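Here is a short tour of a two-chain model, written for someone who likes to look at atoms. Keep the viewer open and follow along.

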Amino acid sequence: MISPVHQPFRTAVTRRKPRRGLIYATCALPLGLAACQVPGEGLKPPPTFPRSLPAEAELAPFQAPGETLASQTDSLADFLQYAGSDTVTFEPRSADLNQAARDVLARQASWLAARPTVPVVIEGHSDERVSVPEAFTLSEQRANAVRRFLTANGIDSARIRLAAFGRLLPRSATRSEAGWQENRRARTLPILEPVQENRP
Amino acid sequence: MRLALSLLYSAIVCTAAPVSAQPLRVDITEGERAPLKISLAATQSHAGAAAGTAGSAMDLLTVIETDLASTALYNLARHAVVADSSLDTELTAARSRASQGLVWFTAALSEDGNLRAECSYIDVYSGAVEASAVFTVPAGQHRRAAHKCADLVYTHTNGAPGHFDTQFALITDHGTPLAPQRRVTIIDSDGFNPRMVSDPAALVAMPVLSRNGHAAAYIAIERHATFLVVFDRVSGQQKRIEAQGALPSAPAFSPDGRSLLLTISREGNADIVRYDLATGRFVPLTNSFGSDTAASYSPDGSRIIFQSNRSGQSQLYTMQPDGSDQQRLSFGEGSFATPSWSPRGDRIAFTFITSSGMQIGTMRSDGSGMRLLPATGQDESPTWAASGTLLAFTRTPPAGTAQLWITDLVGKRQRQLSMPVAASEASWSGLLP
């Protein structure tokens, strides 16, 4: 059972992940403090932690240089956790949504409906078993199938932008049916603004 | 005995009669001819030229030799480049080698870096100059003089245009399959002089060159926005064109280079439009359910060929340049994609796709006479040489990255255009002016 999300989006961006908090807590313990601060070395800069969580390797969207998405991590992780997946897959040469895809998209729609200001990009992709030009049009059809489902489930179509990648960005490099199935996909990507340092 | 013979004769005639009623039809699909024996000689054109000129002439003679050798039509004998050699000396040498023709190449560098080259094809026995031309090429493009000379020899000895002074626009990938770094790269037909022309920030696809090589176009995706980039290679100007809120793909220049065919995807439907470069107007050409894409012109611009899955699987169709008179061209098992009309107008090359993979095929322009070329990987996206005798295509081996391959029309002679990185989606220009 998935509870509806009532938290406003901004809160979700700035909320600290429990894992990070756990590390701070460890350092705050007397034993942990010794590990964090060696006497005589002067004050160390505050500890830094990798911004990425293990699951994000898969989560990382196509990112052109200059496009800052690192600070959106927490909410993308939220989205992923809530919807179960950001990605749905398709049969060869098809843009039809199967039941598993509809289930995932219904949860995505629910998450997005609770954040009406968040724009969304839907990326469509193809496997390498169709010609280059058809892979492009097919991936647009897949992205469009997801858009139609989301708009039918209450998401304003003005929030949604499509990007068709054809065969350009495979998720699997394995040249087998298993690999191709992973690549026949559409991915929903909430575009979250980076956190502003001086935001009141 | 005589009766027996006559009965046997009658039997033969009667048996043969139904066969001889059919007109005999011989399809010549390939042939061998004795290579033409040609000598190649070069010299610097005047004593005042820099010492490097002779070296340059030698290098350029190598380019001519490599170009001509790639056709397997010639038995080539290359003479040493001698600074003070004369045509008479070289003709005598060519006769002693029993060559039928002599290619005489002279090159001189001017002070501004331009190379002035003269290329002649001489009949060895009569000593008559049968074809000759002077080429002046700017600094940095000296190899083009050699390519032009090879084209002159090819045209003179075959009666058909060559394909050496041409270029490819293609995608080079400097990353990995899961983290691609794709660039639109323009290279000479022999793989030399690579120049990357696309912005590294953009994910790029489907590059095309105009017939005269003066313009390139490709699709770029940047920050999830998709647009057509048209690059004027003469002025260096780049134009980014958005497709009215839809996603553009599969550009192809008109023969005169003034407009582009383009696929526009909108709400799950893909149709072909013509985009006029001067006015910026989009003119819709198809309006069918399904994906109409990969459109390109016949060499005279009188027809457009494209692929469409309106009947289920992707098949080839043709239409008038205004979108009327749409006719299906391909039938049968499997699907057909990425059609391209031969510069001679007689054949169409395509990617043939079945459950077992992709291979290159050609058919006559009326859809008959389909011929498939042997594939050793996933072979796709053919593009014609200006001569109409070769096709370049993308071959992705079962293990390994995509590379550009060049084949004759029967698949007998295939070679890889060696590139240090993955290469795909090539578009071959016509002969450069």
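Predicted model: local features only at pLDDT ≥ 70, side-chain atom pairs only at ≥ 80, totals over all residues.

**The contact between chain A and chain B**

The count of salt bridges between chain A and chain B is one.

The area buried between the two chains is about 3,200 Å², and carbon and sulfur atoms give 59% of it. F136(A), L168(A) and R175(A) supply 19% of the area that chain A buries against chain B, which is more than any other three residues.

**Chain A as a whole**

Chain A has eight helices and four strands. Read from the N terminus on, its elements follow the order α-α-α-α-α-β-α-β-α-β-α-β. Of the 200 residues in chain A, 46% are buried. For contacts in chain A with a separation of 6 or more, 74% are between residues 24 or more positions apart.

**Salt bridges within the chains**

Over all chains, the count comes to 18 salt bridges. Three of them are set out here.

| Salt bridge | N to O distance |
|---|---|
| R184(A) and D127(A) | 3.0 Å |
| R78(B) and E65(B) | 3.4 Å |
| K148(B) and D165(B) | 3.0 Å |

Take the salt bridge of R184(A) and D127(A). R184(A) sits in the loop between α8 (177-183) and β4 (185-190) of chain A, and D127(A) in the loop between β2 and α7 of chain A, so the pair ties together parts that are 57 residues apart in sequence. Are these two partners buried or exposed? R184(A) is buried, with a relative accessible area of 2%, and D127(A) also counts as buried, at 4% relative accessibility.

The side chains of R78(B) and E65(B) also meet in a salt bridge. Here R78(B) belongs to strand β2 (residues 74-78) of chain B and E65(B) to helix α2 (residues 51-69) of chain B, so parts 13 residues apart in sequence are tied together. R78(B) is partly exposed, with a relative accessible area of 29%, and E65(B) counts as partly exposed at 22% relative accessibility.

In the salt bridge of K148(B) and D165(B), K148(B) lies in helix α4 (residues 142-158) of chain B and D165(B) in the loop between α4 and β6 (167-173) of chain B, so the pair ties together parts that are 17 residues apart in sequence. Both K148(B) and D165(B) are buried. Back in chain A, salt bridges that share partners join D86(A), E123(A) and R187(A) into one network.

**Hairpins and backbone angles in chain B**

Strand β14 (residues 259-266) and strand β15 (residues 269-276) of chain B pair in the antiparallel sense over eight bridges, with R266(B) standing opposite N269(B). Their hairpin has two residues between the strands, and E267(B) there takes a positive phi near 50 degrees. β15(B) also pairs antiparallel with strand β16 (residues 282-284) of chain B, over three bridges, and R274(B) has V283(B) as its bridge partner. This hairpin has five residues between its strands, and G280(B) in the turn has a positive phi of about 75 degrees.

Further along, four bridges join the antiparallel strands β27 (residues 403-408) and β28 (residues 414-417) of chain B. T407(B) stands opposite Q414(B), and G411(B), in the turn of this hairpin, has a positive phi of about 80 degrees.

Which strands hold A250(B) and E425(B)? A250(B) is in strand β13 (residues 247-253) of chain B, and its phi is positive, about 50 degrees, although it is not a glycine. E425(B) is in strand β29 (residues 422-428) of chain B, with a positive phi near 55 degrees. A250(B) counts as buried at 8% relative accessibility, as does E425(B) at 10%.

Notes:
Residues numbered from 1 in each chain as written. Chains lettered and ligands numbered in written order. Heavy atoms only, no water. Buried area = accessible area lost by both parts, 1.4 Å probe. Salt bridge = Lys/Arg side-chain N within 4 Å of Asp/Glu carboxyl O. Pairing = 2+ DSSP bridges. Buried < 20%, exposed > 50% of the residue type's maximum accessible area, 1.4 Å probe, protein only. Contact = heavy atoms within 4.5 Å.
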